[in-house]
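Here's a quick walk through one model, from its strands to its disulfide and its pockets. Have the viewer open as you read.

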Amino acid sequence: QVQLVESGGGLVQAGGSLRLSCAAPGRAFSTYAMGWFRQAPGKEREFVSTISWSGAATYYADSVKGRFTISRNNAKNAVYLQMNSLKPEDTAVYYCAADKYPLRTPQEMATYKYLEVWGQGTLVTVSS
């Protein structure tokens, strides 16, 4: 059962920017870490970025560090991913996820293999 809804994906040229949004209608995740993962064609889903329940701590994959910024607005029950300096290798379906247990760190969520709350994904295509 999908409990998160992503938006903001699309086609962009290399070097461009996109902002992904993730909404959680009907359920509050204000005490849970949230994050973004992606799956490129023919590859396994991989970690992109996670953020603590308060927004004070963030964690990034090395491949996106310095280019992507994760943020959240608990009043709006939303999480965002600002993606700048996009590269063709960033092409993937991007998924939003919520941590399984409350109050964990972004690093704990990033390495946990049994996340259960996901969105349906939004496609990001970066042309060269």
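Two strands count as paired if DSSP finds at least two bridges between them. Strands (E, at least two residues) and helices (H or I, at least four) are DSSP runs, numbered from the N terminus. Bear in mind that this is a predicted model: local features need pLDDT of at least 70, side-chain atom pairs count only at pLDDT 80 or more, and totals for chains, interfaces and linings use all residues. Residues are numbered from 1 along each chain as its sequence is written, and side-chain values use heavy atoms, with hydrogens and water left out.

**Strand 3 and its partners**

Let's start with strand 3, residues 18–23. Strand 1 (residues 5–7) runs antiparallel to strand 3, and 3 bridges join the two. Within that pairing, Val5 has Ala23 as its bridge partner. Strand 8 (residues 78–83) is also antiparallel to strand 3, with 6 bridges between them; here Met83 of strand 8 sits opposite Leu18.

In a regular strand, side chains alternate between the two faces of the sheet. Buried here means under 20% relative accessible area, with exposed over 50% and partly exposed in between (1.4 Å probe, protein chains only).

**The disulfide**

Which cysteines form a disulfide? Cys22 pairs with Cys96, and their sulfur atoms are 2.1 Å apart. The pair links distant parts of the chain, with Cys22 in strand 3 and Cys96 in strand 9 (residues 92–98), 74 residues apart. The cut-off for a disulfide is a pair of cysteine sulfur atoms within 2.5 Å, and by this rule the count is 1. The link is left-handed, at -80° about the S-S bond. Both Cys22 and Cys96 are buried.

**Pockets**

A pocket is an open set of points on a 1 Å grid over the protein atoms alone, where a 1.4 Å probe fits, with protein on both sides within 12 Å along at least five of seven lines; lining residues have an atom within 4 Å of a point. Volume is the space filled by probe spheres set on the points, which are joined across faces, edges and corners.

| Pocket | Volume | Lining residues include |
|---|---|---|
| Largest | about 220 Å³ | Phe37, Phe47, Tyr112, Trp118 |

Strand 5 (46–51) and helix 1 (106–111) are the elements that give two or more residues to the lining of the largest pocket.
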